[in-house]
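Trainee: I would like a close look at a single part of this model. Please take me through it step by step.

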Amino acid sequence: MKPEGTFRQRAKEALADKELRGNFRRAMDSLMVKRANQFSDVDEWTRLRSLGEAVRKRTLEKLPDLLEKLETNCKKNGIQVHWAETTDEANQIILAILQRRGAKKVVKGKSMVSEEMHLNAFLGEHGITALEADLGEYIVQLAEQMPSHIIMPAIHLNRRQIADLFKKKIDGFEYTESAVEMTAAAREVLRREFSEADAGLSGVNMAVAETGTIVLVENEGNGRMVTTVPPVHIAVTGIDKIVENLEDVTPILSLLPRSATGQDITTYVNMISSPRKEGEKDGPEEVHLVLLDNGRTRIHADPETRQTLQCIRCGACMNHCPVYTKVGGHAYGGVYPGPIGKILTPQIEGIEPYGDLTSASTLCNACVEICPVKIPIAQMLVRLRNEAATGCPESSVKEAGVKKSTVEDMVWKGWSTSHSSPAAYSMMTAVLGMTGNMMPKSAPMLKEWTSVRAKPKFAKKSLHRMVKKLGVDDE
Amino acid sequence: MSNAARDRILGRLRQSTPGPKAPVSDFSIMEERQWSPEERTNRLVEKMGAVNTEIHQTTADDWPLKLAEVIKVKQAKNLLFAKTTWAGERIASAQQEFDFLFCDDADVNIKDLAFKAEASLTTTLGGVADAAALVLWPTPVEPRLVSLVPPIHIALLEEDKISNSFAEVIKTGDWSSNMPTNALLVAGPSKTADIEQELTYGVHGPKELVVLLIKK
Amino acid sequence: MAGIQLLQREGVRVIYPQGQSCCGQPAYNSGHRADALKVARQQVKLFKKDIPIVLPSGSCAGMMFKHYSELFEGDPLEKEATEVANRVFELTEFLVHVLKVDLKDKGEPVKVTWHGSCHSQREMGVREEPKELLRQLESVELQELKREKECCGFGGTFAVRQPEVSAAMVEDKTKDISDTGASAVVSGDCGCLMNITGTLEAKQSRVKGQHIAEFLLERTDEA
């Protein structure tokens, strides 16, 4: 998939939308406070987070063995396991299951992987309707948009925009901006859909290898509905969302909701270990688990990039990102926005279409500070910038080196030469001191700089010369 | 397609460059917090109450009366429950002002019944104090939809079955060798904040969660 | 300059190697490691004496303290680079923890706010030290920012690669600064200051920006 335009162009558009900026600023400010309240005990935070990191690192270390174990235990429980290397393969697998069942209508719980697959559009092309049931996803689907946040998909819209949308799309909806009444309207529509759907589709928060269990966390109950009411349940997950055993579930169950929305626990933790058993009166007759690679084995190949896969998808990095807060999720042009998106999307989709995302950061480290599994996002951004700019042939990163620019290489070469030779450096500072202030505002780089700022002033005398004059020793 | 894909995925993962050894997983933080029974109850009541769960403290003798009262206040016309559990037997044996819908009748269409019910009652396996939630294992007698579909879910919680943490529950119950079709933690009524982050209860699951806390 | 004078006033003998230029961060952060290393090696060679290295900039300090070990991995100068990194101090950290300064304020009553740079906060762990120094000054009222931890949008080449986002960030930051009612914003990082004061100036704001070393020296100078 190629996004439209560059990050810079999309960001510019987003920034021009004052309403959008207000929506994000308000939401992110409040989410940051809620999270901070959860982790006020520094000792607890430090230890819990180290445990979260350890669990995720151990999982990735043993990943092939754990995937096999997961498959074995799922099969033992009656859950059918499917493997897909590409999103296209995953789509085909799901289509085949649905066609065999003669399914026409699918209700969906939140699943970012299914967004990665563009599953809804694919099923639509084959005459199958996929309806999003998470309220935020439902709103985004009605608006024919993409989620702008992985936890709060419709955070970019305000109540007036949603009320307008409901008025247009839901039969019999009486215009109201009350969140309670709008939620009630969606409940009514979706209740009918749950009961009539031929299949339910969900994501996976964790798949437990030791027990063959799919763990889903959610607040609304749509996840429970889609995994319980329809006769078929299909769960899709990246091959990274595995944990070794049930004990490993516990720290993540604590870190995830507290980091994401500042709540102690989600309303529901839904653990599914088998389809309906003999004698049981409800639950799906078939449960399928689709394991998707889509570039994750490549990310896994290198120990440094592998850390990307530690992610538990809490979205806290978005909430704390000063760039995301300004431009919102759509500017990132991919499925995963924000800091994690900046490192994940270019690695999944390639440096060519998404490499510019890595420049959308000041490396302020706000995301690194709050990541509950300690992903060194800033370090990874620098690595990806390096891959994009220089790229060696044996690199495991997709399309490494495609952003190599001769002009940029020359600039940095010049910079490193002048800055590694004292004589050249002193010459340069002297010249800049004399001429720097005469540079016009339209000079390259100065043009961007002075769009909102006054021109920087170059000192007439360099610091080196002033210090010398002051009589400070050289060694 | 599937098997070849599987082998290639696993094959590639096995060729990954090893990195530094993963740090040791120190789980001490998960079970460090231990409370007295009274503290556990208070914590659960406070935290579940904070997410809009209605909690009534009652006794083993009085809870059926409390139940009738709750249903009366909420004006539910019927109650979906299992007549063959220890709890169901107590209610089904007495005259009540609401209709009985039995989820454990033979050949029952549970889906129809659940969507028709105005309230439901289930037992629970217990509760956890740290994150504050109920532990539910639906059974053939008390199916999954009973605690999910009706707009009011009433749950019976015996005070002496409140554990410190979910980690403790997993261990003492030996869940690892014993996972049911579906196990749940339920912290409150269904909720969403997808519209401008305004907290709204009752989106897809029950709009109300009522806990009858049975004191010993 | 002010940093050096502050240290000298506290009785510290300061050495300023004239051969120094840059820690290498701009190239490193842009993904040009080889160029960064070339410049960084030159610096490492200059700071061989086993004495503290004080930097009046959290960002440069963070680069040396946090990233040199990784940048120099496998380099013949790796050991030297690690030693250099371990001797790095951010200026206010050095003033508070090593010199344990006790500042006497000589200036007029004034209200200021503090902007902590991302790298001094998150790479050097310097958060409270500069504010502690400002609070030592009797006539200085410190009004903290609402979003003290949020980046000002400078980010080196970020400001020219993503000028629109950078502008939006510094707009939020300068609004936060103006809202405090302070007459000056004090910071410990020249990059942030250039960004913030450039914006304040363009807005014709009455709020001035000043480096903390300069501010401290001015208010406590015996001259």
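At what angle do the axes of helix α3 and helix α12 of chain A cross?

Mentor: Keep in mind that this is a predicted model. The two axes cross at roughly 125°. They come within 9 Å. Helix α3 of chain A covers residues 42-61, and helix α12 of chain A covers residues 246-260. Angles of 65 to 115 degrees count as roughly perpendicular and those over 145 as roughly antiparallel. α3(A) and α12(A) are therefore oblique to each other. Their crossing is left-handed.

Now look at the residues that make the contact. From α3(A) come Leu48(A), Arg49(A), Leu51(A), Gly52(A) and Val55(A). α12(A) supplies Asp248(A), Pro251(A), Ile252(A), Ser254(A) and Leu255(A). Sorted by class, this contact has 6 nonpolar, 2 polar and 2 charged residues.

Step back to the chains. Chain B does not touch chain C. The nearest C-alpha atoms of chains B and C are 15 Å apart.

Chain C has a contact of another kind, between domains. Its domain assignment gives domain 1 (2-95) and domain 2 (103-220). The centres of these domains of chain C are 23 Å apart, taken over C-alpha atoms. In chain C, 20 residues of domain 1 are in contact with 21 residues of domain 2. On the domain 1 side, α4(C) gives the most, with 6 residues. That side of domain 1 of chain C divides into 8 nonpolar, 9 polar and 3 charged residues.

Terms used. Residues are numbered from 1 along each chain as its sequence is written. Chains are lettered from A and ligands numbered from 1 in the order in which they are written. This is a predicted model: local features need pLDDT of at least 70, side-chain atom pairs count only at pLDDT 80 or more; totals for chains, interfaces and linings use all residues. Domain bounds come from an automatic or database domain assignment. Two residues are in contact if their C-beta atoms, placed from the backbone, lie within 7 Å. Helices (H or I, at least four residues) and strands (E, at least two) are DSSP runs, numbered from the N terminus. Ala, Val, Leu, Ile, Met, Phe, Trp, Tyr, Cys and Pro count as nonpolar, Asp, Glu, Lys and Arg as charged, and the others, Gly among them, as polar. Axes are lines fitted to C-alpha atoms, for helices over the stretch in contact, and angles run from 0 to 180 degrees between N-to-C directions. Angles under 35 degrees count as roughly parallel, over 145 as roughly antiparallel, 65 to 115 as roughly perpendicular and the rest as oblique. A crossing is left-handed if the near helix is turned anticlockwise from the far one by less than a right angle, and right-handed if clockwise.
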